[in-house]
Number of protein chains: 2
Amino acid sequence: MSPQEVTQEPAPTPRRSKITPERAQEFYAAVLDILRESGYEALTMEGVASRTRCGKSTLYRQWGSKPELVVAALHGTRQALLPYIDTGTLAGDLHEAARAIGAGSGRDTPLMHALGHAALQSPELLCALREALIAPALAAIDAMVRRGAERGEIRPDNPAAEFVSAQLLGVVRARPLVEGENADEAYLTRFVDHAILPSLGLSAPAQ
Amino acid sequence: MSPQEVTQEPAPTPRRSKITPERAQEFYAAVLDILRESGYEALTMEGVASRTRCGKSTLYRQWGSKPELVVAALHGTRQALLPYIDTGTLAGDLHEAARAIGAGSGRDTPLMHALGHAALQSPELLCALREALIAPALAAIDAMVRRGAERGEIRPDNPAAEFVSAQLLGVVRARPLVEGENADEAYLTRFVDHAILPSLGLSAPAQ
DNA sequence: GTCCTTCGATACGCCAGTGTACCGATACGA
DNA sequence: TCGTATCGGTACACTGGCGTATCGAAGGAC
């Protein structure tokens, strides 16, 4: 490595983009909207450009290609699949989670449907999807379970604990195929009461 | 309606196709293979034609368009996601189901991943997917649960019974996204033991 | 054996999306 | 204030798949 290269700033592309963070959020929102509406394959650069009223050149200058734009959109919008929840009981937490996921069905559930298969064929996309959507939800649910164990509601080594998050995300993906309609709040609440809580050895709280 | 139209045979297209049922199975197998490998969007008529060494005209003559070909392929190949299972106990049945689904991961699980999102945007495709893959699996699992109830292993009105099939299909769809690998036999067996059976009020059979 | 339909194969026009190039306009930095 | 780089917008060539048309060949039906 030559001295020149060392003294040179490590960023070889000192782009001074005119795109404000707010404008970037518009791009990201448009990308996610199109994903939710039409899926990953139907997302086109021209579609993003026309919806955001920008030139295709801007998109290619800034993000290079469609996968990179999608990855950036996932990373760039800090959207919480689950808000912070701590009701004091595991059952209460899971109920709130069911409500949040069910209510947010119009936001993040379609995103997972849209990206589910595409992510399985692109490691970068899978990574971005997991970091942006799945991992936070997993962490939130696992935190609920851990707090429940700390409070003594369940045993710390309860073998069903491992599956709580997978079950919740699973029915969200499964119900549209099984029953033809999205997993809404009512369904998820019943699922928590009649499947998840019993599997943990808990019973549904008396209404 | 004129008399002529009444006397005319109702089938205006008495095609006498030269495609033998075996040849049709080749087409269907190729379609499903491509779906498993690359997904619904990447499936092209030209790809099917080249893989089966036939002309595109044959495909269009016979099936008309890509969605119809896929629907026909789903209906035309009687592939059992689940074989007939009856071990005498609900736990044993679910174990066998876990084994069958896990072992068949290379066959039908990718199909559901590939068609999951596309089916949500095409009613015909959703219908075909449910009839060919999902409904049989649902019926098989529900039959297991029903037999378990008849034997007195669980109460007939056990509220968790409703969710068994959705739980199983759910984790199959969720695990690749959550953990990055398919739900194999070992995972599904653990899931049955530690999540489904406890939710039904049963415990895992002693190994 | 002859006819007739379908088969496999190819060529064609069409359309949509990709990625690049170019243009005036404009907003930032010096 | 002035230069410059990026912006939005459009045009372009290119690719790839769709669906149709057309061809010789082949295999049943009669």
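## Two chains, their interface and a few side chains

Leaving aside neighbours within four places in sequence, A:Ser165 is in contact (heavy atoms within 4.5 Å) with A:Leu138, A:Ile141 and A:Asp142. A:Ser165 sits in helix H9 (residues 164–178) of chain A; helices here are DSSP runs of H or I with at least four residues, strands are runs of E with at least two, and both are numbered from the N terminus. With a relative accessible area of 5%, A:Ser165 is buried, where buried means under 20%, exposed over 50% and partly exposed in between (1.4 Å probe, protein chains only).

Some ground rules: this is a predicted model, in which local features need pLDDT of at least 70 and side-chain atom pairs count only at pLDDT 80 or more, while totals for chains, interfaces and linings use all residues. Residues are numbered from 1 along each chain as its sequence is written, chains are lettered from A and ligands numbered from 1 in the order in which they are written, and side-chain values use heavy atoms, with hydrogens and water left out.

**Where chain B meets chain A**

- On the chain B side, 39 residues are in contact with 39 residues of chain A.
- Together the two chains bury about 3,300 Å², 67% of it on carbon and sulfur atoms; buried area is the accessible area (1.4 Å probe) that two parts lose on being put together, summed over both.
- Two salt bridges turn up across this interface, a salt bridge being a side-chain nitrogen of Lys or Arg within 4 Å of a carboxyl oxygen of Asp or Glu.
- B:Glu162 and A:Arg190 make a salt bridge, with their closest N and O atoms 2.8 Å apart.
- Which helices of chain B each supply at least two residues of the side that touches chain A? They are H2 (21–38), H7 (109–119), H8 (123–150), H9 (164–179) and H10 (185–199).
- H9(B) gives the most to that side, with eleven residues.
- Sorted by class, the side of chain B that touches chain A has 21 nonpolar, eleven polar and seven charged residues. Here Ala, Val, Leu, Ile, Met, Phe, Trp, Tyr, Cys and Pro count as nonpolar, Asp, Glu, Lys and Arg as charged, and the others, Gly among them, as polar.

**A covered helix in chain B**

- H7(B) is mostly covered, and eleven of its eleven residues are buried.
- Among the buried residues of H7(B) are B:Pro110, B:Met112, B:His113, B:Gly116 and B:His117.

**Salt bridges within the chains**

- Over all chains, the count comes to 28 salt bridges.
- In chain A, A:Arg146 pairs with A:Glu150 in a salt bridge, the closest N and O atoms being 3.6 Å apart. Both lie in helix H8 (residues 123–150) of chain A, four residues apart, about one turn of the helix.
- A:Arg146 is partly exposed at 46% relative accessibility, while A:Glu150 is exposed at 59%.
- In chain B, B:Glu150 forms a salt bridge with B:Arg146, with 3.6 Å between the closest N and O atoms. These two are four residues apart in helix H8 of chain B, so about one helical turn separates them.
- B:Glu150 is exposed at 60%, and B:Arg146 is partly exposed at 47%.
- B:Glu96 and B:Arg99 meet in a salt bridge at 3.2 Å, N to O. They lie three residues apart in helix H6 (residues 90–103) of chain B, about one turn of the helix.
- B:Glu96 is partly exposed at 29% relative accessibility, and B:Arg99 is partly exposed at 42%.
- Why does that spacing matter? An α-helix has 3.6 residues a turn, so residues three or four places apart point the same way.
- A:Asp86, A:Asp93 and A:Arg147 are linked in a network of salt bridges.

**Around B:Thr87**

- B:Thr87 lies in the loop between helix H5 (66–76) and H6 of chain B, and B:Thr87 is partly exposed at 41%.
- Not counting residues up to four places away in sequence, B:Thr87 touches B:Gly92, B:Asp93 and B:Glu96.
- A polar atom of the B:Thr87 side chain lies 3.2 Å from the backbone oxygen of B:Thr89.

Notes:
Polar contact = N/O pair within 3.5 Å; in protein donor to acceptor, adjacent residues only side chain to side chain.
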